[in-house]
Amino acid sequence: MMTSLRSLLLVSVAVAAAPSVTMAQPSDDTIVVGISADANTFDPAAISSRDNSNIAKHIFGTLYEVSADGKIVPDLAESYVEAEDGKSYTYTLRQGLTCEDGEALTAEDAAYSFNRAADPANAFTGNTPGFVYSSIQFKSAEAISEREVRINLGQKNPVSFGLIAEVFIHCKDSYQKMSLDEAATKPVGSGPYRLAQWDRGSQVVLERVKKDEANFQNMVWRIIPEASTRSAELIAGNVDVITNVAPDQLDAINNSSSAKVKAVQGTRRIYVGFNLRKDFAEAGKGGAAIQDQKVRVALQYAVDVPAICKQLLNFECERATSLVNPPNGNPKLKPYPYDPKMAEKLLDEAGYPRGADGVRFKITMQAPRGRYLNDANVALAVGQYLTDIGVETNVELLEWASVYVPLISKHDAGPMFFLGTGGGTWSPLYDMTDLSTPEAGTNYTSWSNPDWFAGWKEISAAASEEERRVVIDRMLEVFYNDPPWLLMYFQPDFYGVSDRLDFTPRRDEKVYLFDAKLKSAG
């Protein structure tokens, strides 16, 4: 298998030949970012991916926001009050707020933003209704004065305050006049930038409308799926920041005279999901096999995750033990080791012996191409590891924005799928809320273990952080022993940054450029 990994790495290097570069270098009032995947919507309630959200955050404000050091700080609101029972938060907005079209932004607009995302008639499946609302049991929002908005929840949740900070705010009058199709392509924002141009598959151009809230007049997000092309554009000086620098490009950038790589330990959880939905179980032997907890555990032993990290990602990693970022995980859990003999033994015991052709069962694993760090090669490596133990795995590599995102959003990816979900370090519960309910928008596996989901009520009722921690550790042990994910790693993030720019990347993949500035600007 190591030979296969080296082969994959060599292939990725071979295709990394830098293409010709023709675009002009950015002017001093413009910052250009090279990203791997296009946005698929600018309707604030429909956004579901980090790249999409990163662009949108420059267009839309939020009541509060999570800072680079994990603190939750004011944005459009200046203060808040939590109800004694924890079932509502009342925010006071800053004075003088406006949307980009000049319309005053009041508590009524904030309440509308929350309620619009929850309206079943709109059938939104983005991060706000699919993750935030299912996690906090959002009930309603109401304006109680011109500047005060109350967010009502179904139960107390220690991470509600942080999750509310992810909801984008927009102006009621503007959006009531728009169709959903218009809202997806013609956003009216509450942040410092407006959407000036969107050339699908090519670039998103933003124009500053609030001078005191950002340093650059223009912000261009260029869609550059090929990692080597992003690196070439950075080295040539045509872009200022690139995300997802490929491992084979690190030396080329660092040895250039125009840019450097800034590496951070990211918080994104990379995993292979098992879609346990009934129709996948009925569609074939592979989909049926992964319904068995013993099979899902067996497959953990089949994949050498540290070797994948070292050979394909150019970093040393410890395999994840849960969906929670370190150091917030259960310290008693140890990473599943690479032990193919154990994997084969468990598969035999589960009733899936090798056939005469050496195959136990066949299964399809879908994966994106170009969304995560060296994702295609990592997915192929996982497929090869599984094939080596008799689980013949067909890896389907799909385009991210127009093909894979809709599959994931509708929970239609599978029966196995490669995915990375954003995480945080400010609370283990933030990471755990991917699985807040069996029906949660981010429960792409349809996993429904009652021992896990019963824990949420106990967490809500816990009288102290110590009591809460006991429940958290028990839930993480349930996840470990009945895994809905084939556990992989927390993705490192390599950013290429132009020497002309003063910019420090965050750990949480939030590429926020409000404070970025030219070094010559002082």
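Helices (H or I, at least four residues) and strands (E, at least two) are DSSP runs, numbered from the N terminus. This is a predicted model, in which local features need pLDDT of at least 70, side-chain atom pairs count only at pLDDT 80 or more, and totals for chains, interfaces and linings use all residues. Residues are numbered from 1 along each chain as its sequence is written, and side-chain values use heavy atoms, with hydrogens and water left out.

**The chain as a whole**

The protein chain contains 20 helices and 18 strands. Its radius of gyration, taken over C-alpha atoms, is 23 Å, close to the 24 Å that the globule rule (2.2 Å times the number of residues to the power 0.38) gives for 522 residues, so the chain is as compact as a globular protein of that length. Along the principal axes, the C-alpha atoms fill a box of roughly 75 × 60 × 40 Å. Of the 522 residues, 60% count as buried, a term that means under 20% relative accessible area with a 1.4 Å probe, protein chains only. Contact means heavy atoms within 4.5 Å; among contacts with a separation of 6 or more, 70% join residues 24 or more positions apart.

**Sheet and core**

An open sheet of 10 strands runs in the order β8-β9-β10-β1-β11-β16-β12-β15-β13-β14, with mixed pairing. Its edge strands are β8 (193-199) and β14, each of which pairs on one side only. Two strands pair if DSSP finds at least two bridges between them.

| Strands | Bridges |
|---|---|
| β4 (residues 77-82) and β5 | 5 bridges |
| β5 and β7 (residues 148-153) | 5 bridges |
| β11 (residues 241-242) and β16 | 2 bridges |

In β16, Gly496 is the bridge partner of Ile242.

A nonpolar core is a set of buried Ala, Val, Leu, Ile, Met, Phe, Trp, Tyr and Cys residues joined through side-chain atoms within 4.5 Å. The largest has 164 residues, and Trp452 and Tyr489 have the most contacts inside it. Strand β16 (residues 485-498) gives the most to this core, with 9 residues. Leaving aside neighbours within four places in sequence, Trp452 is in contact with residues including Leu323, Met432, Trp447 and Phe479.

**Strand β5**

All 6 of the 6 residues of β5 (residues 88-93) are buried, so the strand is largely enclosed by the rest of the structure. In a regular strand the side chains alternate between the two faces of the sheet. Accordingly, Ser88, Thr90 and Thr92 point one way from β5, and Tyr89, Tyr91 and Leu93 the other way. Tyr89 stands opposite Glu82, while Thr90 has Arg150 in β7 as its bridge partner. The hairpin of β4 and β5 has 5 residues between the strands, and there Gly86 takes a positive phi near 75 degrees.

Ala343, Leu346 and Leu347 are buried in helix α14 (residues 340-349). These residues cover an arc of only 100 degrees (from the directions from the helix axis to the C-beta atoms), which puts them on the same side of α14. The buried residues of α14 pack against α12 (293-302), β13 (361-368) and β14 (391-398). After α14 comes Gly351, with a positive phi near 95 degrees.

Glu509 lies in the loop between β17 (501-502) and β18 (517-518). Glu509 is buried, with a relative accessible area of 7%. Not counting residues up to four places away in sequence, Glu509 touches Arg50, Asn54, Arg268, Gln491, Asp493 and Tyr495.

Note on methods. Buried < 20%, exposed > 50% of the residue type's maximum accessible area, 1.4 Å probe, protein only.
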